[in-house]
Amino acid sequence: MGFKGFFEGGIASIVAGCSTHPLDLIKVRMQLQGEASAPAPAFQTLRPALAFHTTASHVHPHISIPPPPPRVGPVAVGVRIIQQDGVAALFSGISATVLRQTLYSTTRMGLYDVLKQKWTDPNSNNMPLMRKITAGLIAGGVGAAVGNPADVAMVRMQADGRLPLAQRRNYKSVVDAISQMAKSEGVASLWRGSSLTVNRAMLVTASQLASYDQFKEIILEKHLMKDGLGTHVTASFAAGFVASVASNPVDVIKTRVMNMKVEAGMAPPYSGAMDCAMKTIRAEGPMSLYKGFIPTISRQGPFTVVLFVTLEQVRKLLKEY
């Protein structure tokens, strides 16, 4: 029975992850907008040397100081990716997504199911909300620790297209990404940002799985809908919204820490999660922690809907086994 929960959750997670991968890629690109450690432009401003010039005629004609790049929305980011690298670029890093869902989501979904069976009251057949949240926190933390290498590889593969051609890592696959990182940066780099991954996964799993079960129970208890597709879609979309609000700040920091490029002999752009958070807030304001929220909810909503609708269908198919 325990293995069955892992299998059902894994199948549903892989289907959901692959179907919403382009939205996840757009979210990652938006979360990296305006990052202080992003590649610098290929020119140098000479303001101190020009401090005593008061007219434009004294400025060297080849020196230009462009305004900062404007922030763009998810549609514009998606269009830009297609224009620069083609439609296939929207699926950059999908092999890492499959591996991540296989390791991370299979573990968290299966472990949550095991804890749910153990902690459900046999008389009322209900599980208190706090127990659901606790089960989600435990399952998410364990799953994230298992899947962190695939998560790092996925973030890097998704972010690669925003770098200049000379600076791209050009990973061929998730296996190539993991092996290159282990060789050039050490095995420990595969668990870079793992504390953030674990924190985010605990928040997402607790808010997503616990709220889905809670919303579903409320809908059925109040007789608002029958136990069918409508109930599953409604409860899962509400769960996706709760998970997006809870996890977006941690997700932004996680993305930036995982994507940072550490040069040999140089100090890393961020010394840790808190340093990244403080630098991001100072440079871009507190709301920068909700960068990419629209694509996050646009991805988390459909992902959660596909996840739970697929899960319910897989459970029906395997009910007799």
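This is a predicted model: local features need pLDDT of at least 70, side-chain atom pairs count only at pLDDT 80 or more; totals for chains, interfaces and linings use all residues.
At what angle do helix H7 (residues 194-221) and helix H8 (residues 229-259) pack, and how far apart are their axes? Residues are numbered from 1 along each chain as its sequence is written, and side-chain values use heavy atoms, with hydrogens and water left out.

**View 1. Packing of H7 with H8.** The two helices meet at an angle of about 170 degrees, and their axes are 8 Å apart. Helices here are DSSP runs (H or I, at least four residues), numbered from the N terminus; axes are lines fitted to C-alpha atoms over the stretch in contact, and angles run from 0 to 180 degrees between N-to-C directions. H7 and H8 are therefore roughly antiparallel to each other, a term for angles over 145 degrees. The residues of this contact comprise 17 nonpolar, 10 polar and 4 charged. In this division, Ala, Val, Leu, Ile, Met, Phe, Trp, Tyr, Cys and Pro count as nonpolar, Asp, Glu, Lys and Arg as charged, and the others, Gly among them, as polar.

**View 2. Positive phi at Asn 125 and His 223.** Most residues other than glycine have a negative phi. Asn 125, in the loop between helix H4 (94-119) and helix H5 (129-159), has a positive phi near 60 degrees. His 223, in the loop between H7 and H8, likewise has a positive phi, of about 55 degrees. Asn 125 counts as exposed at 59% relative accessibility, and His 223 counts as exposed at 70%. Buried means under 20% relative accessible area, exposed over 50%, and partly exposed in between (1.4 Å probe, protein chains only).

**View 3. Asp 113 and Leu 99 in helix H4.** Asp 113 counts as buried, at 14% relative accessibility. Leaving aside neighbours within four places in sequence, Asp 113 is in contact with Gly 5 and Arg 315, where contact means heavy atoms within 4.5 Å. Leu 99 is partly exposed, at 28% relative accessibility. With neighbours within four places again left aside, Leu 99 is in contact with Ala 150, Val 174 and Ile 178. The C-alpha atoms of Leu 99 and Asp 151 lie 8.6 Å apart, although these residues are separated by 52 residues in sequence.

**View 4. The two sides of helix H3 (residues 74-85).** The 12 residues of H3 reach 16 Å from first C-alpha to last, close to the 16 Å expected at 1.5 Å a residue; the expected span is 1.5 Å times one less than the number of residues. Its buried residues are Val 77, Gly 78 and Ile 81. They cover an arc of only 100 degrees around the axis, which puts them on the same side of H3; the arc is that of the directions from the helix axis to the C-beta atoms. These buried residues pack against helix H2 (21-31), whereas Val 75 and Gln 83 are exposed on the other side. Just after H3, Gly 86 takes a positive phi of about 90 degrees.

**View 5. The buried face of helix H6 (residues 174-185).** The buried residues of H6 are Val 174, Asp 176, Ala 177 and Met 181. Seen down the axis, they fall within an arc of 155 degrees, so they line one face of the helix. They pack against H4 and H5, while Val 175 and Lys 183 are exposed on the other side. Gly 186, which follows H6, has a positive phi near 95 degrees.

Methods: Angles under 35 degrees count as roughly parallel, over 145 as roughly antiparallel, 65 to 115 as roughly perpendicular and the rest as oblique.
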